[in-house]
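Visitor: I'd like to learn how to read a few features off a structure. Could you walk me through some?

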Amino acid sequence: MTYHMSSQPKTARNSGSLSIPKLKDLRSNSWELARQMAFSRREFLRSAAGVTLGGTLFGSGLLPRGGIPQRKRKVVVITFGGGARDQETFAPEGQENIPHLMRELIPQSTFFTQVVNRGILGHYVATASLATGVYETINNFASLPPEHPTAFEYFRKDLKRPSSDTWVVAPSNGFNRIGESNHRSYGPGLGARVILPKHLLTAATSGSADCEHLLRDNYETPFYAPELGGSEFELQQLEMLLKLSVDDFKKHARTLSSPDELSVYVTRQLMRQLAPSLLWITLHDIDIAHAGAYSLYIEGIRRTDRLCAEIWKTIQTEPEYAGNTTVFILPDFGRDSDDDSGGNGFQHHRTGDALSRTTWMMAMGAGVREGVVIDRTLESTDLVPSIGSILGFSAALAQGKPIAELV
Amino acid sequence: MPPIELKPEQFTSYPPEARKLVTNYLATLQRLPLSFLPSLLREAIDYDFKFPAERKAIERELANLNSLSAEQTKDWFQGFAQIRLSTQLEQFDWVNSPAQFVEQLSAYLWTTHQLDAFRTAALSYAERLHEAVPPEPLAMPRLGITVIGQGVATPEEPLFRKLRPHGVYFSRVQPENGLKQLLDAVAARAKAHPVPHGHWYIDGGQEAPHDSALTCVSYRALEPARAVLSSKIRVEIERPGMGPETLRTLLAQIRPADLDMAQGSGGAAVKSGNEVLDRFQVKLLTEGSGTQIFSTTFAQWAAREALRRAQPLTLLVRFALRQRQKPMNEMLSGTDGRAELDPMGSLVDADIGAYYNWLNQQRLAGAEQSSFLVWFENHSSAVVIGPSMPRGTESATAADLQTLLSWMS
């Protein structure tokens with residue numbers, strides 16, 4: 001049978017393939033496996049982190065968010081960069097890689113065990129789908145804006161907020177158009193400011209070699225990065241907006257070990273200086289998995305786990321954010337399972353199987369019940385309408401629905 | 001063009017044996033849906049450069065399709081027939097460029113949310129084909145060997161965690177001459193059952209001396225080809241309008257001569273069969289992700305592809321040290337001689353690579369009788385998996401690798 005385990009074609013619009021899994025796999029229903037995985041997450045969390053099954057509590061009342069004036073409410077979204085599988089995270093053998101999520105964050109969160117992404121599993125297009133609440137079909141590797149309004153546009157247009165009130169910190173040059181769509185009712189002038197820390201560092205260091213370890217980019221197509229377009233953050237604004245001199249920026253960058261650490265550093269500056277109400281941080285180090293080195297993938301997970309905790313700590317200590325911020329942490333999607341012969345295990349997310357589509361989400365902070373596990377299936381497109389309900393805008397064109405347990 | 005309009009003269013660009021094969025089955029191909037047929041032609045067009053196991057699989061698949069009645073064909077391909085295609089795809093030159101068609105079809109299925117439907121149709125077809133054309137018995141039980149940890153003194157974490165539950169963990173292996181014992185055992189199997197491309201040795205570094213009966217691929221031997229490929233890529237990505245799809249198409253067109261491999265592996269003149277191996281090696285570098293920069297990725301991917309395509313009776317894979325992670329451009333432009341190495345990372349990569357080698361081996365026919373051995377090179381730990389090996393057990397018996405292999409057979 002010549003198709004089995006075939007090598008994986010990858011195209012710019014996606015990262016998919018047409019291979020056929022091995023026959024052994026045919027006898028198991030992959031969506032059933034995904035449900036079982038979600039069940040395992042729940043059971044594990046119940047026993048390890050001492051959290052409660054949400055269904056029994058749901059309806060008994062939500063934590064009040066009403067005490068926080070709408071104008072003061074803030075939302076921070078962190079995408080758990082590049083996709084990680086359960087076996088390296090929430091499964092018993094993977095928990096050693098996420099000590100901060102397990103011990104510090106999950107006990108403070110409402111944890112959704114089954115978040116399904118039914119769209120294209122490429123990082124830019126999937127992140128754009130998360131940001132619009134619609135499964136976008138744009139070219140994953142081209143410099144194109146989303147086709148549907150983003151949360152940032154809804155937020156600014158409905159609530160009449162300035163551009164300084166919503167920011168995206170994005171991992172690679174390919175994300176520079178994510179801040180605003182080309183939708184005719186929204187689009188130009190209504191989106192988020194996008195900051196690309198690596199682009200900024202390149203400009204700041206004028207291509208010198210001492211910070212090249214922070215400039216790793218575009219793991220899905222390592223040979224190619226789209227040209228920049230759109231309204232990316234300019235170097236001269238570093239000092240003006242972030243109150244950071246180019247020299248200080250470079251000096252600090254040299255102490256960091258990865259692109260995501262650079263993103264978190266920039267995020268902290270952003271929070272301190274501008275305190276945007278809607279802040280979106282896309283972490284991406286984990287996606288080094290595409291290079292096939294398992295050790296680097298695991299390093300990426302451990303670093304992302306640590307950085308998520310650091311962002312949470314910053315939120316709790318920054319006066320503009322403490323007590324009035326709701327945080328969402330979620331992967332854009334997973335990675336291929338070891339059992340699918342059409343893939344190559346952790347390396348890619350090309351099979352489109354149920355396990356690579358089914359991930360989790362953690363919500364914490366203002367208005368969110370702590371230590372609760374929700375089993376029902378959500379779609380990743382539900383995020384934007386939920387943010388809308390929290391901040392007070394209507395995601396009119398989003399496909400998803402507000403998550404009842406959060407709004 | 002719909003498949004029903006296929007004519008023999010449309011296959012003139014196919015290599016001779018591929019052309020003969022597909023024109024012999026033209027009437028069969030005409031009955032297949034367009035959502036399926038180019039996938040089959042993608043395999044058939046490379047028939048002249050396929051391994052024997054692949055050739056046999058294509059022949060048997062076509063023979064089976066030919067044996068189906070019109071009604072059966074309709075039934076078998078019902079799922080594929082329901083896939084909606086764009087006019088652009090229908091007008092594509094899928095006869096001469098089936099691989100490009102499949103790439104575009106893949107993109108189209110994702111964007112039109114038909115991937116799951118395609119997947120279901122494909123699974124159904126695969127299962128039916130497997131039932132109609134079961135695998136033939138093997139000449140001998142398959143044996144996989146993976147050697148990890150070259151150059152590492154002590155692991156930071158326990159090794160073989162994923163493989164131990166499936167076999168016996170030996171903690172007192174006598175490591176002296178271990179690699180030679182393994183290579184000798186592989187050579188002995190090759191001599192006992194001399195099947196073309198049936199016995200392989202893949203090395204993630206410099207290959208050790210080995211019997212010429214083995215099909216050998218090594219990262220070090222491909223260093224000149226990798227350097228040529230890297231420079232070609234650097235030139236291409238600077239061209240205006242270059243994008244990932246175009247680059248991928250260009251990479252797919254690279255042939256051994258383009259990478260200065262015209263002399264074939266080992267510097268020998270190209271002979272019958274070498275072209276097959278050289279094309280295989282080129283594909284490792286042009287289709288594999290990370291194979292150009294990390295030797296551990298190369299070894300794992302080469303093993304996966306060797307198992308998938310050549311379905312060897314014996315496969316020995318030896319992982320080596322990979323370079324430390326650096327920015328992609330720097331890794332692409334560097335050479336192994338100057339690269340800083342990452343021993344612990346390499347060991348972790350190789351450990352999961354060994355697990356994937358076993359998983360991929362077990363996907364092949366005869367899995368119930370297959371055996372697998374993984375050894376921490378020059379150290380005393382190994383795991384042995386096989387029908388006679390109790391699962392999830394440990395043994396403190398002192399034994400060399402030759403003895404372990406004898407216990408597996």
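Visitor: How many bridges join strand E2 of chain A to E7(A)?

Guide: This is a predicted model, by the way. Strand E2 (residues 74-79) of chain A and E7(A) run parallel, joined by six bridges. To place yourself in that pairing, find Ile78(A), which sits opposite Ile329(A) of E7(A). E7(A) is also joined to strand E8 (residues 358-365) of chain A, by four bridges and in antiparallel fashion. There, Val327(A) faces Met364(A) of E8(A).

Visitor: Why is strand E7 of chain A called largely enclosed?

Guide: Count neighbours: a residue is buried when 20 or more other C-beta atoms lie within 10 Å of its own. Six of the six residues of E7(A), 325-330, are buried, so the rest of the structure largely encloses the strand. Both faces are covered, with Thr325(A), Val327(A) and Ile329(A) buried on one side, and Thr326(A), Phe328(A) and Leu330(A) buried on the other.

Visitor: And a helix? Which residues of H1 in chain B are buried?

Guide: In H1(B), residues 16-24, they are Ala18(B), Leu21(B) and Val22(B). Look down the helix axis: these buried residues fall within an arc of 90°, so they line one face of H1(B). They pack against helix H2 (26-30) and helix H3 (37-44) of chain B.

Visitor: Zooming out, how is chain B divided into domains?

Guide: Domain 1 of chain B covers 3-132, and domain 2 covers 143-221 + 292-408. Their centres, taken over C-alpha atoms, are 35 Å apart. Four residues of domain 1 of chain B contact five residues of domain 2 of chain B. On the domain 1 side, the touching residues are three nonpolar, no polar and one charged.

Note on methods: Residues numbered from 1 in each chain as written. Chains lettered and ligands numbered in written order. Predicted model: local features only at pLDDT ≥ 70, side-chain atom pairs only at ≥ 80, totals over all residues. Buried ≥ 20, exposed ≤ 12 C-beta atoms within 10 Å, placed from the backbone. Helix = DSSP H or I, 4+ residues; strand = E, 2+ residues; numbered from the N terminus. Arc of directions from axis to C-beta. Contact = placed C-beta atoms within 7 Å. Domains from an automatic or database assignment. Nonpolar A, V, L, I, M, F, W, Y, C, P; charged D, E, K, R; others polar. Pairing = 2+ DSSP bridges.
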